[in-house]
Amino acid sequence: MADVKKIATRESYGNALVALGEKYDNLVVLDADLAEATKTGIFKKAYPDRHIDCGIAESNMVGIAAGLASTGKVPFCSSFAMFAAGRAFEQVRNSVGYPHLNVKIGATHAGISVGEDGASHQCNEDIALMRTIPGMTIINPSDDVEAKAAVEAAYKMDGPVYLRFGRLAVPVINDNADYKFEIGKGVVLKEGKDLTIIATGLEVNESLEAAKKLAEDGIDAEVINIHTIKPIDADLIVKSASKTGKVVTVEEHSVIGGLGGAVAEVLSEKCPTKMLRIGVKDTFGESGPAVKLLEKYELDAAGIYKQIKAFL
Amino acid sequence: MTNQELKKTANEVRKGIIEGVHAAKAGHPGGSLSATEVFTYLYFEEMNIDPKNPKKADRDRFVLSKGHTAPGLYSALAQRGFFPVEDLKSLRSIGSHLQGHPCVQHTPGIDASSGSLGQGISVAVGMALSAKLSNESYRVYTLLGDGEIQEGQVWEASMFAAAKNLDNLCVIVDNNGLQIDGRIEDVNSPYPIPDKFRAFNFHVVEVADGNDFDQLRAAFKEARETKGQPTAIIMKTVKGKGISFMENQVGWHGKAPNDEEYAIAMEELGKAGV
């Protein structure tokens with residue numbers, strides 16, 4: 001495992017912005033005094049005139065993004081998930097969502113893998129918040145390849161998009177020639193018949209690893225990557241659930257209202273299925289190294305494996 | 001337009017406000033009436049707009065940050081020809097394009113959805129920044145309530161606008177002195193308002209009577225001529241202006257006249273318009 005290439009998706013975000021910025025003049029990037037951390041600093045270096053630092057004022061930043069979008073720019077506005085989705089929720093809802101403006105929110109430092117900064121900065125609620133806004137597209141990419149593809153797809157679609165990125169460097173798992181990213185389309189990474197594991201973000205790789213351990217026990221798990229949480233790929237979820245009869249969701253987010261909530265909503269109405277939601281269990285995080293936290297909160301491969309075994 | 005023509009138009013705008021809130025049996029007449037002259041001046045004198053082409057790219061923009069006074073803006077837009085005056089009676093009703101608060105997707109001439117106080121100014125700042133980024137010459141106007149400036153976001157936006165030298169931005173504060181819970185100085189005083197904007201590096205124009213067209217004309221001219229920094233026009237107005245029983249009465253912030261009050265109001269406006 002030591003030689004696996006690892007990149008944090010926030011880094012992918014910064015790099016993708018530079019690549020798109022070169023092609024598209026109307027792309028502008030906003031930040032709220034976190035350009036180093038969100039990696040929009042990479043864009044700032046390349047295109048200083050199109051990088052606007054709004055200072056520590058996220059609510060205003062979102063409103064400015066709305067004004068830019070309504071006059072033909074495509075703003076990517078960036079902060080930590082806690083502040084972009086949390087503090088500025090109502091601005092995202094009323095200034096961006098209600099008029100359905102073409103604003104892209106690049107939210108980094110999502111989930112407990114923020115690490116040492118602790119619970120105040122570990123946002124496990126952003127997907128739930130963003131899901132309630134009509135017309136909002138939500139993408140939580142699993143690795144570098146997917147994150148870059150997601151940023152480009154977000155630029156190319158018209159309407160608000162919430163992009164969720166992580167601080168922790170994670171393995172690159174999608175660098176194969178036939179990889180294709182399509183908003184709203186889940187990806188079956190491993191076919192199986194005994195249960196379906198539906199994962200998002202950095203939990204996709206952990207779930208693939210957990211599936212390997214399950215295979216050693218003779219359990220054949222299907223693993224699906226749901227990078228787009230809204231609109232969710234209901235057809236794929238129902239298809240897999242009706243095949244395996246058991247569904248486990250895995251996310252670095254509260255078990256309330258995120259991927260688990262979205263999948264439960266789909267299945268309860270279209271294909272009632274026995275389910276387990278793996279995620280942050282209605283609790284706040286804490287300080288510590290990201291990898292240790294994922295272990296403690298049973299969101300690494302071993303923790304996922306353990307919870308699935310108990311569920312089966 | 002001459003002042004006389006502007007006054008006549010403002011009187012018609014007032015009639016539309018009363019028609020709208022009376023028909024809706026709800027809405028915000030007080031702050032619509034205090035801002036009637038500024039709505040009229042902006043849409044008939046000041047702004048580069050075209051009712052036949054409400055989305056034209058180089059138009060000046062207006063963001064009603066105090067979105068609850070939509071009846072005033074709607075009435076001015078209707079008078080200016082963006083949509084039929086008759087539509088004003090559909091205010092707040094199901095299927096109407098005239099929502100309780102401005103909605104950019106529904107109403108011709110509306111440049112931003114607003115109503116959640118403190119947010120409109122940020123959107124206006126974003127528009128002004130956008131013009132600067134692409135070297136366009138349109139100007140951006142935004143109207144705030146004096147109670148609204150209790151919202152912290154107003155000052156985030158103001159700090160940013162001045163820091164970025166957005167001289168194409170004109171912030172207008174309708175200082176009618178009243179908010180829902182009472183006099184603004186009793187609820188949570190924002191005074192002194194001009195000093196606050198000066199401290200945020202705005203060029204400040206104080207207007208003693210924001211219901212007077214000569215004073216508005218001078219203020220907007222000064223704003224247009226101000227370079228290197230945004231302008232804040234702080235204008236003293238009378239809440240409920242033009243309707244005797246509504247003037248300076250906090251109770252008319254968000255209440256519709258009944259049939260009897262409607263008749264009196266329309267009679268007063270009828271006489272004022274002669």
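1. Domain bounds here come from an automatic or database domain assignment. By that assignment, chain A has domain 1, residues 6-171, and domain 2, residues 187-311. The model is predicted: local features need pLDDT of at least 70, side-chain atom pairs count only at pLDDT 80 or more, and totals for chains, interfaces and linings use all residues. Residues are numbered from 1 along each chain as its sequence is written, while chains are lettered from A and ligands numbered from 1 in the order in which they are written.

2. How far apart do the C-alpha centres of domain 1 and domain 2 of chain A lie? The distance is 25 Å. Two residues are in contact if their C-beta atoms, placed from the backbone, lie within 7 Å. By this rule, 27 residues of domain 1 of chain A touch 30 residues of domain 2 of chain A. On the domain 1 side, the elements giving two or more residues are α7 (126-131), β6 (137-139), α8 (144-156) and β8 (169-171) of chain A. Helices (H or I, at least four residues) and strands (E, at least two) are DSSP runs, numbered from the N terminus.

3. The residues on that side of domain 1 of chain A can also be sorted by class: 12 are nonpolar, 10 polar and five charged. Here Ala, Val, Leu, Ile, Met, Phe, Trp, Tyr, Cys and Pro count as nonpolar, Asp, Glu, Lys and Arg as charged, and the others, Gly among them, as polar.

4. Next come the two chains. Chain A has 22 residues in contact with 19 residues of chain B. On the chain A side, α4 (58-69) and α6 (89-97) each supply at least two residues. The largest share, eight residues, comes from α4(A). By class, this side of chain A has 10 nonpolar, 10 polar and two charged residues.

5. Chain B contains an open sheet of five strands in the order β1-β2-β3-β7-β6, with parallel pairing. Two strands pair if DSSP finds at least two bridges between them. The edge strands are β1 (61-64) and β6 of chain B, each pairing on one side only. From one strand to the next, the twist averages 20°. Within the sheet, strand β2 (residues 140-145) and strand β3 (residues 169-175) of chain B run parallel and are joined by six bridges. Thr142(B) has Val171(B) in β3(B) as its bridge partner.

6. A residue is buried if 20 or more other C-beta atoms lie within 10 Å of its own, exposed if 12 or fewer, and partly exposed in between, with C-beta atoms placed from the backbone.

7. β6(B) pairs in the parallel sense with strand β7 (residues 231-236) of chain B over five bridges. In this pairing, Val205(B) stands opposite Ile233(B). With helix α9 (residues 213-225) of chain B, the two strands make a right-handed β-α-β unit. A crossover is right-handed if, with the strands pointing away from the viewer, the path from the first strand over the helix to the second runs clockwise.

8. Ile173(A) is found in the loop between β8 and β9 (187-190) of chain A. Ile173(A) counts as buried because 20 other C-beta atoms lie within 10 Å. Leaving aside neighbours within four places in sequence, Ile173(A) is in contact with Ser142(A), Asp143(A), Val204(A) and Asn205(A). The C-alpha atoms of Ile173(A) and Lys6(A) are separated by 9.3 Å, although the two residues are 167 residues apart along the chain.

9. Two peptide bonds deserve a look. Lys230(A) and Pro231(A) are joined by a cis peptide bond, with omega about -5°. Pro231(A) has its place in the loop between β12 (228-230) and α10 (234-244) of chain A. In chain B, a cis peptide bond joins Tyr191(B) and Pro192(B), and omega is about -5°. Pro192(B) lies in the loop between α7 (184-188) and α8 (193-199) of chain B.

10. Finally, some backbone angles. His100(A), in the loop between α6 and β5 (104-108) of chain A, has a positive phi near 50° without being a glycine. His100(A) is partly exposed, with 18 other C-beta atoms within 10 Å. Glu298(A) is not a glycine either, and its phi is positive, about 55°. Glu298(A) sits in the loop between α12 (290-296) and α13 (301-311) of chain A.

Terms used:
Axes are lines fitted to C-alpha atoms, for helices over the stretch in contact, and angles run from 0 to 180 degrees between N-to-C directions.
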